[in-house]
Amino acid sequence: MSKFNVKVNGKNHEVDVDPSTPVLWVLRDHLNLIGTKYGCGVGSCGACTIHLNGRALKSCQLPVSAVGAQPITTIEGIVAEAGEMHPVQKAWLELDVAQCGYCQTGQIMAAVALLKTKPNPTEEEIESAMTGNICRCGTYVRIKAAIQHAAKSSTK
Amino acid sequence: MQQNHQPNKIVKMEKSINHQSRRSFLKVTSLTGGGMMIGFSWLANLVPNEAFATAANANDWVELTGFIKITPDNQVKIFNPNPEFGTNVMTSLPMMVNEELQADWSKVIVEMGDYDTPRFKSQFTGGSRGMAQGWKPLRTAGATARMMLMQAAANEWNVPVTDLTVENGVVYHKASNRSANFGALATAAAKLPKPEKVVLKKNSAFSLIGTPQKNKVGKEIVSGQSLFTLDYKYEGMLIAMAIHPPAFGMTLRSFDASEALKMPGIKSVFDIQVYKDGYKRAGFDTRAFNKLVVVVGNSTWEVMNARKKVNVQWVPTETTKEIVSGWGGPKEEVVPGGLESTDEHMKQMYAMQQKPARLLRKDGDPETAFAKAAKVIERTYAAPFLSHNPMEPISCFAHITDEKAYFVAPIQIPEMMKQNIVSNLDIPADKIEMKLTRMGGGFGRRAYGHYIIEAGLISQKMKAPIKLIYTREDDMTNGIYRPTYMVTYKAALDVNNNVTAISIKGGGIPEGSVHENRFPAGAFENYIAEGWEIPSNITIGAFRAPGSNFIASAEQSFLDELAEAIGKDPLDYRIELLKKAKANPVGKRNDYDADRYIAVLELVKEKSNWAARPKNARRGVAAYFCHSSYAAHVVDVTMKDGQPVIDRVVSAIDCGVIVNPEGAKNMVEGAVVDGIGNALYGGMRIEKGVPIQKNLNQYRIIRHKEAPKKIEVHFVQNNFDPTGLGEPPFPPVFGALANALYKATGKRLYSQPYLNELNKS
């Protein structure tokens with residue numbers, strides 16, 4: 001066990017865990033940030049997508065020992081950052097995207113990161129940026145539309 | 001360690017379930033501190049899916065679930081009775097209540113009802129039955145509450161109740177310009193006798209039903225709040241994981257946990273037997289492995305690591321025979337020993353196709369028709385096991401004490417777990433409490449609640465609150481797959497290319513999917529359907545539109561090929577056959593309404609501009625009826641670098657009255673995507689008993705770029721009572737895609753997943 005200081009959503013936390021512990025489980029088990037979901041543990045489904053230094057990343061593949069001083073943002077932090085629902089979250093609600101909803105926080109995190117680098121992504125750019133995020137209910141068409149909707153509303 | 005059990009809002013839980021008795025259909029209760037609560041109940045006998053739609057006689061309903069709760073400060077809460085796994089019952093079922101209640105929908109709070117033991121005989125999500133089940137009782141509950149609120153106002157103002165009106169949660173006496181909101185009236189209303197007679201609105205008077213309404217849980221979902229069992233926490237909760245055999249046909253011999261127990265955070269390692277010897281299983285008590293090794297510790301990662309250090313010895317199983325009660329009554333289930341393989345399964349299924357099989361239905365004289373045929377078209381279709389892979393892996397929280405057994409569980413059919421819990425955990429029925437969480441997908445998997453028993457056994461052993469977590473690998477290699485299937489369709493043609501007979505023969509491991517009374521039965525003078533099964537130790541379960549999902553793919557591919565062979569338009573040929581079946585139905589029983597079938601085909605024909613399509617259009621059509629709703633799809637596809645690109649899907653659906661058009665559209669879109677994904681990529685391979693695909697990097701699931709570029713959903717407008725959409729749009733996707741791929745590649749597809757067959761030279 002080792003002590004680590006991690007900065008999550010602007011707050012510093014000290015955790016005492018095995019260095020190999022993925023950030024996913026640090027968030028869920030130790031910091032009670034359960035908006036980041038477990039889906040596969042092998043980086044193939046994207047349910048655990050977070051931002052590290054503002055970039056989307058699968059937290060099940062990131063050991064806590066590799067984080068260092070890099071800031072982490074989770075879905076809980078996206079709301080806090082915007083002071084209200086993030087425009088991407090609003091677009092998700094506007095287009096009534098979710099079915100079971102389990103993957104959607106990961107999808108939203110991937111979409112927020114995409115729009116940061118590409119405020120007006122093409123369909124192909126959306127498909128490519130979102131390819132790591134599985135939605136087993138098949139809401140892909142709505143997710144794409146919601147990303148386009150969010151892009152439009154934030155460039156207005 | 002720190003912060004392991006820090007108090008947080010997730011831990012704060014309601015601990016009690018309402019056990020008030022409800023002798024009659026509706027029970028009105030005054031709330032402590034004022035307000036009213038209306039409980040309602042209904043029946044849903046566990047009848048086969050297709051029969052259900054016709055069983056909606058109000059007098060038949062028995063106790064079920066649900067509440068309307070109104071507080072003096074005018075909060076209106078509607079409890080959704082049916083567990084939610086993504087079909088949006090949290091919105092659509094309360095909409096039914098509120099159509100009659102007439103509270104302000106934008107302010108109505110919707111809450112998932114807990115499991116309410118013996119009265120909730122059908123607190124059931126499955127079989128696409130939610131809409132049909134709820135239709136009358138939920139509206140009746142809403143109407144009853146509204147009438148009582150109106151009566152309370154009438155008494156208060158000393159005016160006839162007939163002079164009152166209700167709008168958005170306010171009762172008005174317009175003549176005297178008086179009004180009162182539901183909250184102000186609720187306490188008085190709760191003391192009134194319930195009305196003898198409740199008149200429901202005519203469909204034409206609906207103001208909420210039929211309007212697109214957003215998901216009531218939308219905000220919680222997009223902000224990642226604790227909704228799922230996997231998110232659930234409890235003070236002092238331990239994490240448990242189970243180790244199951246690496247192969248079907250193996251069971252536990254012994255284990256050595258000495259290394260694992262040295263790992264940090266590990267509390268205990270032990271084995272459990274899930275079901276007791278001699279336990280009489282019912283239909284949803286399937287479990288792949290009865291003996292498991294369990295590792296319990298403080299945190300998920302610690303347990304994940306420690307379980308790798310447990311040294312387990314496995315031994316082969318013997319053949320067993322059990323009596324299992326299911327839909328068709330008790331049946332002997334043979335579970336053979338031995339290590340099975342997909343290649344061997346294929347050989348066994350081909351061999352069964354050559355042998356005599358069980359006759360399911362025969363009309364006319366198909367033998368003579370085939371003997372006299374000028375030409376016979378014979379095609380054999382096959383499909384693999386499929387894993388459900390709901391996004392949220394299986395988990396269950398259990399906290400069993402002397403006072404009660406408390407479960408937090410993602411389960412579709414909680415009431416079916418009761419006897420299982422009573423029998424295998426020795427807990428009296430009245431001590432069982434279950435909180436039903438939102439489920440991260442189901443697709444059939446969560447009808448099988450063996451994990452509730454497993455969690456219960458672990459909590460009993462640990463004398464502690466525990467959460468059992470399956471890793472993705474645990475879930476995917478745990479069986480309960482969609483069966484693997486094979487079917488042969490044969491058509492006899494005379495010299496004039498008239499189809500004189502149809503034969504359908506098929507089966508599966510360990511069950512088949514021939515529905516002998518479904519279309520095209522009824523459309524052919526000479527018709528035969530036969531079936532067979534091969535026992536297996538690979539466990540299977542319901543998978544989105546069980547049976548239908550495969551047989552529709554075969555049937556709709558075959559009809560397409562048959563239409564081409566006799567020189568007819570594939571869409572028009574289906575309509576022609578249905579018209580024939582309607583005018584002169586062959587046989588005693590045909591399980592479809594030809595008119596409604598035709599209507600979805602006509603609608604999809606119109607909306608896809610089918611008739612005007614170019615000759616070289618890479619376009620396929622299919623239609624199917626199952627689980628009480630009708631669906632047709634037209635798929636447009638192009639091939640790009642050997643990969644299919646789905647350009648557009650046009651869907652036509654008849655599910656009767658559309659309660660929430662937005663939710664309904666979403667369901668159909670999802671079914672289209674899921675159908676394309678499973679048709680192209682889905683499949684679980686077994687080698688020597690071992691499931692080969694173990695995680696989502698090996699088991700291919702459709703992704704963003706593979707989804708259709710466009711899905712257009714159209715509904716037939718009619719006044720039939722609503723039926724479900726979880727399953728019906730799914731089966732015809734496979735056939736429509738296969739038929740489109742044929743147009744795109746010139747290759748007919750007979751074996752799923754289609755992408756494998758497409759890429760074979």
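In strand 30 of chain B, which residue is the bridge partner of B:Val649?

Modeller: Keep in mind that this is a predicted model. The bridge partner of B:Val649 in strand 30 of chain B is B:Ile711. That bridge belongs to a longer pairing. Strand 27 of chain B, residues 643-654, runs parallel to strand 30 and pairs with it over five bridges.

Step back to the sheet. Four strands of chain B make it up, in the order 25-26-27-30. The sheet is open, and its pairing is mixed. Strand 30 (711-715) is an edge strand, as is strand 25 (619-626). Each of these two pairs on one side only. From one strand to the next, the twist averages 20°.

Now compare strand 21 of chain B, residues 466-469. It has two partners to look at here. Strand 9 (residues 238-243) pairs with strand 21 in the parallel sense, over three bridges. Here B:Ile239 stands opposite B:Lys467. Strand 18 (residues 395-400) pairs with strand 21 in the antiparallel sense, over four bridges. In that pairing, B:Ser395 has B:Ile469 as its bridge partner.

Side chains in a regular strand alternate between the two faces of the sheet. Strand 21 of chain B is covered on both faces. B:Ile466 and B:Leu468 are buried on one side. B:Lys467 and B:Ile469 are buried on the other.

Helix 7 spans residues 300-307, and six of its eight residues are buried. Those six are B:Thr300, B:Trp301, B:Glu302, B:Val303, B:Ala306 and B:Arg307.

Next, the nonpolar core. The largest one holds 279 residues. B:Leu149, B:Phe407, B:Tyr597 and B:Val600 touch the most other members. Helix 3 of chain B, residues 130-157, supplies the largest share, with 13 residues. Take B:Phe407 as an example. Leaving aside residues up to four places away in sequence, it touches B:Cys396, B:Phe397, B:Ala398, B:Glu433, B:Met434, B:Ile452 and B:Ala455.

Helix 4 of chain A deserves a stop. Its 14 residues reach 20 Å from first C-alpha to last, close to the 20 Å expected. The helix is mostly covered, with 12 of its residues buried. Among them are A:Gln104, A:Met109 and A:Leu115.

Last, a contrast in chain A. A:Gly68 sits in the loop between strand 4 (55-58) and strand 5 (72-73). A:Gly68 counts as exposed because it has 10 C-beta neighbours inside 10 Å. A:Val6 is 62 residues away from A:Gly68 in sequence, yet their C-alpha atoms are 7.0 Å apart.

Note on methods
Residues are numbered from 1 along each chain as its sequence is written. Chains are lettered from A and ligands numbered from 1 in the order in which they are written. This is a predicted model: local features need pLDDT of at least 70, side-chain atom pairs count only at pLDDT 80 or more; totals for chains, interfaces and linings use all residues. The expected span of a helix is 1.5 Å times one less than its number of residues. A residue is buried if 20 or more other C-beta atoms lie within 10 Å of its own, exposed if 12 or fewer, and partly exposed in between; C-beta atoms are placed from the backbone. Two strands pair if DSSP finds at least two bridges between them. Axes are lines fitted to C-alpha atoms, for helices over the stretch in contact, and angles run from 0 to 180 degrees between N-to-C directions. A nonpolar core is a set of buried Ala, Val, Leu, Ile, Met, Phe, Trp, Tyr and Cys residues joined through C-beta atoms within 7 Å. Two residues are in contact if their C-beta atoms, placed from the backbone, lie within 7 Å.
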